[in-house]
Every structure is written in C-alpha cells, then in structure tokens.
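Here is a brief report on one protein chain.

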Amino acid sequence: MPTFETLPRFTADLQHLTPAQRRRFRRVVLESFVPDLRTGRLLRPGLRVKGVRSAPGVYELIRAPDGRATWSYGRELRGGERHVVWCGIGTDEIRIGP
C-alpha cells in the first residue's frame, strides 16, 4: 500500500472543497490512483496526470472537469512502496500551485 503525506497547503485547500468534492477526490484516489501505484505501471489515462511545467517533479491529477490536485513522489518510507506527497487541491475557482 502506498504511503501518503499532505503539505499544509493541501490541508488548507481541502477545507475549501464541498463535502461532495472531497468524497469524489477520496474515491478517485482509492479506486484508481492507489491501485495504479500498487501495480507499478503507468497511471491510467483517465486520471489525466501530467507534469507541472513550473515545478519539476510535481504532477497534476485532474480528478473532475474542474477539480485537480498536485502531488510529488517523496522518499519511500517502506521498502518498495511509493510515497506520495499531496501538495495542493482545488477547482478552477480555487487556484492551486505546486
């Protein structure tokens, strides 16, 4: 199982989402993102993951038409398990940075 941590910015951004938006993010992470990380293969195209140009090593996951989250890989905490650092989350109305 991949390990995760959140930066203070992500935690603060999360509070600005509606309960439905938070549920959708959790569902996408648990049903798509985590299973893809477990396999070690590329993340599925439906997650629409791309690198953030202004922040090398930071990626954007588009989880809904107007929902996105930024993240990076961190140092493994358990051998062979990916570690994800969630950086920010928001909608088109809430500008997020890396």
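## A salt bridge within a helix

Asp-13 and Arg-9 sit four residues apart in helix H1 (residues 8-14), so about one helical turn separates them. Their side chains meet in a salt bridge, with N to O at 3.1 Å. A salt bridge here means a side-chain nitrogen of Lys or Arg within 4 Å of a carboxyl oxygen of Asp or Glu. Helices (H or I, at least four residues) and strands (E, at least two) are DSSP runs, numbered from the N terminus.

The two partners differ in cover. Asp-13 is buried, at 6% relative accessibility. Arg-9 is partly exposed, at 40%. Buried means under 20% relative accessible area, exposed means over 50%, and partly exposed lies in between (1.4 Å probe, protein chains only).

## Basis of the model

This is a predicted model: local features need pLDDT of at least 70, side-chain atom pairs count only at pLDDT 80 or more, and totals for chains, interfaces and linings use all residues. Residues are numbered from 1 along each chain as its sequence is written, and side-chain values use heavy atoms, with hydrogens and water left out.

## The other salt bridges

The structure holds four salt bridges. One of them joins Arg-44 to Asp-36, with the closest N and O atoms 2.7 Å apart. Arg-44 is partly exposed, at 33% relative accessibility. Asp-36 is buried, at 7%.

Glu-60 and Lys-50 form another, at 3.8 Å from N to O. This pair links distant parts of the chain: Glu-60 lies in strand E3 (residues 58-64) and Lys-50 in strand E2 (residues 49-51), ten residues apart. Glu-60 is buried, with a relative accessible area of 12%. Lys-50 is partly exposed, at 47%. Salt bridges with shared partners join Lys-50, Glu-60 and Arg-68 into one network.

Where is Thr-91 placed? Thr-91 belongs to strand E5 (residues 83-91). Is Thr-91 buried or exposed? Thr-91 counts as buried, at 7% relative accessibility.

Leave aside the neighbours within four places in sequence. Thr-91 is then in contact with Leu-17, Gln-21, Asp-66 and Gly-67. Contact means heavy atoms within 4.5 Å.

## Fold and dimensions

The protein has two helices and five strands. From the N terminus on, the elements run β-α-α-β-β-β-β. Of the contacts with a separation of 6 or more, 49% are between residues 24 or more positions apart.

A compact globule of 98 residues would have a radius of gyration near 13 Å, and the protein agrees, at 13 Å. That radius is taken over C-alpha atoms, and the globule rule is 2.2 Å times the number of residues to the power 0.38. The C-alpha trace spans about 35 × 25 × 20 Å along its principal axes.

## Surface and charge

Buried residues make up 39% of the 98 residues. The protein exposes about 6100 Å², and carbon and sulfur atoms supply 51% of that area. Accessible areas come from the Shrake-Rupley method with a 1.4 Å probe; for residues, only the protein chains shown count as cover.

The protein carries 18 positive and 10 negative charges, and their mean positions are 2 Å apart. Lys and Arg count as positive, Asp and Glu as negative; His and the chain ends are not counted. Each charge is placed at NZ of Lys, CZ of Arg, CG of Asp or CD of Glu.
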